[in-house]
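Please keep the structure in view while reading.

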Amino acid sequence: MKNIYCKEIDMKKINQLLSFILIGLFFVQAAHAQSVVSGTVTDEGGEAIIGANILIKGGSTGTVTDIEGTFSLEVPNDAVLVISSVGYISQEVAVNGRTVIDVSMQFDVAQLDEVVVVGYGSQRKQDITGAVAIVDVEAMQASAFTSITDRLQGRASGVQVISSGEPGSIGTIRIRGGGFMGGNNDPLFVIDGVLANDSQNLNPNDVESIQILKDASASAIYGSRAANGVVVITTKKGRSGKAEIKASAMFGVQQIPKKLDLMNASQWARINNAARDAGGDARLVHADDLSHGYDTDWQDAVYQSGQIQDINASISTGGQNSKVYFSLNNTYQEGVVKGPLFERVSVRLNSEFELLPGLSIGENLMVGRSESSGEQNYTGGGEGALITTAINSLPITPIYDPFRLSGYGHGDFTNAFTFSPNAVGIRDLFKNQSEQLQVLANAYINYEIIEGLVFRPSLSLNLNNGLSRSWQRPGIIRMTTVHQSGLSEFNNRSEDWFQENRLTYNKSFGDHSLTATAVHINQVTRSRASGIEILGGFDGDNAFFQIGSNNAPSNQITVSGDEATTVLKSFAGRVVYNYQDKYLFTGTLRRDGDSRFASGNRWGTFPSVSVGWNVSNESFFSSSFIDNLKVRVGYGEVGAISIGDYAFQSLIVSTSQGGANYNFGPESTSATGAIVGNLNDRNIRWEVSRETNIGLELTLLDGAVALEGEFFMGQLDDLLTEIAVPSAVGVGSAEGTGTVLTNAASSDRTGWEFSVTYNGEQGDFQYSITANAFNSYITAKSLVNPFILADNAITRIGTVYGQFFVHDYLGIYTSQEQIDADGVTVLGATPQIGDARYRDTNGRDEANNLTGMPDGNINADDRIVAGNPYPDVSFGLNFEASYKNFDFTLFLQGMAGRDLINGQYFDLNNDIYSNFTSDWDPYIDGQGTDPRVTTAQDVNGNGFMSTKYIEDATFVRLKNLQIGYTFNTDIIQDIRVFIGGQNLLTLTQFEGQDPEFEGGDIFAPGNYGGGYPNIRTFNAGLNLTF
Amino acid sequence: MKNIKFKSIVASLVLLTAFSCEELDQANPNQPDSGNFFITEEGLFQGLVGAYDQLQSGYYDDALRTFSFVMSDEATQEWPYELRELCTFSLTDFNIGQGIWGASYQLISRSYRVIEAGAEVSGPEVPRIVAEAKFFVALAYYNLIGYFGERVAYVDRLQAASDKQRPAEPGELWILAESLLTEAIDELPLASGVSSGQYGRITRGAAQTLLAKIHLQQGEYAEAEPLLAAVISSGQYSLNENFEDNFVELNNVNPESVFQVNFLHNGVASETDNTRYFRLNSVAENLGVFGDIQVTNFVVNSFLSENDADGNQDPRMDASVFWAGSSRLYYGQTHSWWVNENEVGNPDITNSIYKYTEQDVVANNATPNVVVDGINGGTDFIVFRYADVLLLYSEVLNALGRDGEKYTHVDLVRQRSNMAPLSVARPGLNQADFLAQIKHERIVELVGEGVRHYDLIRWGDYNETSAANDPNFATFTRDQDEVWPIPQSELDVNPLLVQNPGY
């Protein structure tokens, strides 16, 4: 910490300047002939309104109501008071010599949620000129997902979340589709003003509000980290008045929603025998002799039902000058296979104290600890995650086999020819665990220097301490592969420190209203990591899996470690101007300096400007059914950073282990060498998004219907891409040319977002429907090469990234006449009956150029672009209703028009050493509709990826359903009991385990390969309010 | 006003502490920047070790040996794997040479870093370190020209990522290599000047041998003669009494090794590399080894064509190849086991190389049918062996017509292995017959050591005429198959390079 508080010469001047301004402000005080007015401000129901603003019109003097709703103010006798409070319609009252003025305020239905946090301050919703999604947090909290990100799924248009059922996982979140090739496509999370990432240590129940800054004009205040959008989270604050104590508990059971329909032993044996017969190999012993008795359902062997529970308690209270919120959370989740676990304990204390009128201090503190075990992975030679392995395993392999050394059944060359490890063996022998401890804290002072001018310095810390371990017992659970015992352990710690000084000036004069914000931030991140990997050395039955308890040879122990310091210096400003609530303007500018870039490239400027027009506030506008109509346009430039620390440097690699070393002398004494380890581009910089957004907001029928639409278009520029350099340069890999990461590509990104809310009521029956739909299209504008090939995918300039690029499957040949009629060869060989038939689309001329004409041979040139790996539309639909004491929530989410390559299906059915799906019907003895199988190494195209494996992955999923009943008792104010479930129903034609899938690789986004699917949960619980 | 004063004090206090002095200029605490590393003698030596490192993995551990082996008449490959295309001169994969191309230029790059940095560093060892780096540049070009011809990328200094290299002009790289070696020879120590702990570092004899080989590949026998003579007369080298000691792990200084690449003995440690390739090739595929590379019957017949002085089989034979008549076990198994129990690529050829296969290690730890551990091999690989120097010298003297001297050195090699002196067995050979005899001597002495491919080129035999020994040469296309294609992936990123003729 000593560096954080040290002084810097350069800053002294700024310091002096600011002090001077402060001192000058002491003298800005006015005096008039005055009398004292007092009174009470109440709502329509007569309840006191706390904190209502009482202002003298045209002046800067005012006060706020206290806890009883009363106020007292010195005013000139002819003054007019402006009384306002969030959620109420402002009133003007002439004093006219009165000394007591009581005011009754009217609810402003249309603007109950009007003030939203937009980054370094808040704004009235009606003043917003950018694309800002306001999340319905209450609806979101009905979810049993354990992370904030997962609970955001389907809640805001333009925000795509793809979740997984693995305990402790956080879904992939993409705002407007991402598109940054450098790899960082995650939005920035700002939690009570602290820039962070989402984390499993955070308790989603602490969230008070979430605003998502989607377009570049809204997010530009966050400059170099804003290009993937910003999720602005505010946690719950204390409320003045009687302490509100809440407790809630939720319990549930989880299960796998979909088992794949795979072959049993006799079905598998039929195909395997046919393949071995065709290949001239002897049949496997047990495939013929099914009386051997094994018919293992590996999915049943590993799937279990798992528990989930979530327990919360919170206190919200406050006195006249203080507000406190305290909460406690415990979440526990098991996996649908044995092993994966998640447990969180999270505590929050938010408090604020008013020391003097206009001067308050406050803090937000979160301490969270989470522990998780992920899906186990076989690392004994050949990889395999538990669920995928279970699916691939042969039904003729027993789970346990007393004749095997390890006791676990596994493949061999004569009985059950498979390279799959034993899934139950993976579950039992391979373990992993990670622990995270996080402190997210900030402390601030709010000082109103003069009327409207607030100075807010703050200091924040995001401290993360992580420990992850994986270990395994030795054994043989795969073919003849002996895997050793081992342990690897990694520690990391990172500290993000933020010093922020914020000045906000708020002023209305006549028809003009202005809010100006200036911020200066210093951020220092210090991270340190160390690790050790030990192979062997834990071989006894009672081995202690501690790094100090191994007896492995020293050359089987590898250690690693590094540290980094990242410094960011930022200046940001924003001006929000409003004329007569009709014409709106917002301008922001941020300058970021980042130590991750070379000097000369460190500073970047990120501007934005946006304007809005509240058409419905115009005098010429009159409509009986339109309450509010606003159009807005914004433009901004923001950055994304995907590179690590020191990436611009040319670095020396010199390590005694695994380095460029040589051994001299007859005894092989190692000498440590030094080489330049990387090709680097010294000028590497941010990736940049330049985006224009057009938005429309419409409220109809007395606020019953609210519509919001966005259209955006822009470029992603300076995208980081690997450029090949000749090997003769001398650095790179011997396997191919070297590459250097450079800002050299660009994309176009356009899209639309739409949301609608309808609130209705019929007597006691009240309901609301919220729906959103969105899409974005990212197309390659300039690439280093004219096209980029990736797994089954091609990216060409002018098209979307990663279109499927596969052979066009036309069925199988069932007669020699068909083969003769086609007259094509596949890779030069004539097909046989039962082989796959593909369309011949292309060939080459003598100069080896593609002709676009069939050439009688099927090879890689004949691949075609097919299908569409991106949804035409993504959507969410929330329905809430209440009738008397009952409440009901139903939430649907899905995507339409998206295709996926079902790689899971392909892998199963194109590998004679794995199981098959039960619908696979290879051509055997004149029967069958799928390509024939053989163990021979003959040349055929049956294993080509083709249109056969492209499936429509459109889905609608019942993400959440909850029914609650609320009643009162004398002791407990409200008791609500509920039952519900997650992922209860999925409508899709997709044959894979889960259509909810995020490809990860921008150049090959549509290759579905299985994994940990989303899981089904049935839950029940109760909420108590004391 | 009191409140205001209080508030101002609080705010000013905050302001005073508000600015951090952390700078945007952050030094990397993990790795040194390359700009200020090679500025001391120690740093320079570490850079040189980095160049030595390049000799191991991806270069002399398998690739160079394998390619040289299968590209010559010593070996063939019958299964439809990538090497088959090489053996039969029917390449379709124009990136097949990428590994050797990349590794050679890495060696050149690492060496030029030392050469250029060395110009700015002073110290007693600096001239020697720079001379070793110069040797490596010449060695890398010797290898590049051997496989790709003379139109490879011309690099005579450190390159930047944005540099595109032009093709070298014919003869240009030979001149560059010759001048680097000429400079290096004066600065390099004799073998006796290298301490035992530094065994494996480049000696004057190594540089003289390489320069001699470079001259010989250009047909410059007269230029090669004094260099080979200097190596021989230096008194630094001698033949091992036991031929086989050259190919097994012995933890001592080998007087027959003129230049070798060290590998970590008996090691599995990660700090430096192991040798692997021959260790992983047998007659057939089993026990974790491949059966891809087979030794031609021509090699076996060469051994069988002459018995030793006592009328027994050439004692080098079983130490060199594993064949039907071998008295040895291969990974614990007889030759008949390998042929009968397993699938052999070409049933007419059932021979594999035996040199460098580390049977000793397997014998120590293997029980029958235990899979061979691919990485646990550490025999140093001798690139220039003194026997090679002696045979070359006889060849040179023959070419120069120095008939009175030409038997002396080849007989040293023969007599070490109990073969009758050539001067007795075949006295008075004319120049052509003596060369033919040398060709035979080189196959029985040096088979599997990566020299045959260069030999065939030097003798003008690298064409379809070698089909008599290895039928694969029947499909040799002149003016094309003398060299490989420049890797396509290099042409793709460097438009200045020109593809070799015929590709």
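A cavity is a set of grid points where a 1.4 Å probe fits but cannot get out, and its lining residues have an atom within 4 Å of a point. The model examined here is predicted. A search of the whole structure finds 10 cavities of 30 Å³ or more.

**The largest cavity**

- The volume of the largest cavity is about 210 Å³.
- Its lining is made up of 22 residues, and those nearest the centre are B:Y142, B:V383, B:G450, B:V451 and B:Y454.
- Several elements of chain B each supply at least two residues of this lining, including the helices α4 (63-71), α7 (126-148) and α19 and the strand β6 (381-385).
- Sorted by class, the lining has 11 nonpolar, 4 polar and 7 charged residues.

**The second largest cavity**

- The second largest cavity holds about 150 Å³ of space.
- It is lined by 16 residues, with A:A144, A:F145, A:Q254, A:Q333 and A:I1015 closest to its centre.
- This lining comprises 4 nonpolar, 10 polar and 2 charged residues.

**Helix α19 of chain B**

- Among the buried residues of α19(B) are B:R452, B:H453, B:D455 and B:W459.
- B:Y454 is also one of the buried residues of this helix, and B:Y454 is among the residues nearest the centre of the largest cavity.
- Just after α19(B), B:G460 adopts a positive phi of about 75°.

Key
Residues numbered from 1 in each chain as written. Chains lettered and ligands numbered in written order. Predicted model: local features only at pLDDT ≥ 70, side-chain atom pairs only at ≥ 80, totals over all residues. Heavy atoms only, no water. Buried < 20%, exposed > 50% of the residue type's maximum accessible area, 1.4 Å probe, protein only. Helix = DSSP H or I, 4+ residues; strand = E, 2+ residues; numbered from the N terminus. 1 Å grid on protein atoms, 1.4 Å probe; cavity = no way out; pocket = protein on both sides within 12 Å on 5 of 7 lines; lining within 4 Å. Points joined across faces, edges and corners; volume = space filled by probe spheres on them. Nonpolar A, V, L, I, M, F, W, Y, C, P; charged D, E, K, R; others polar.
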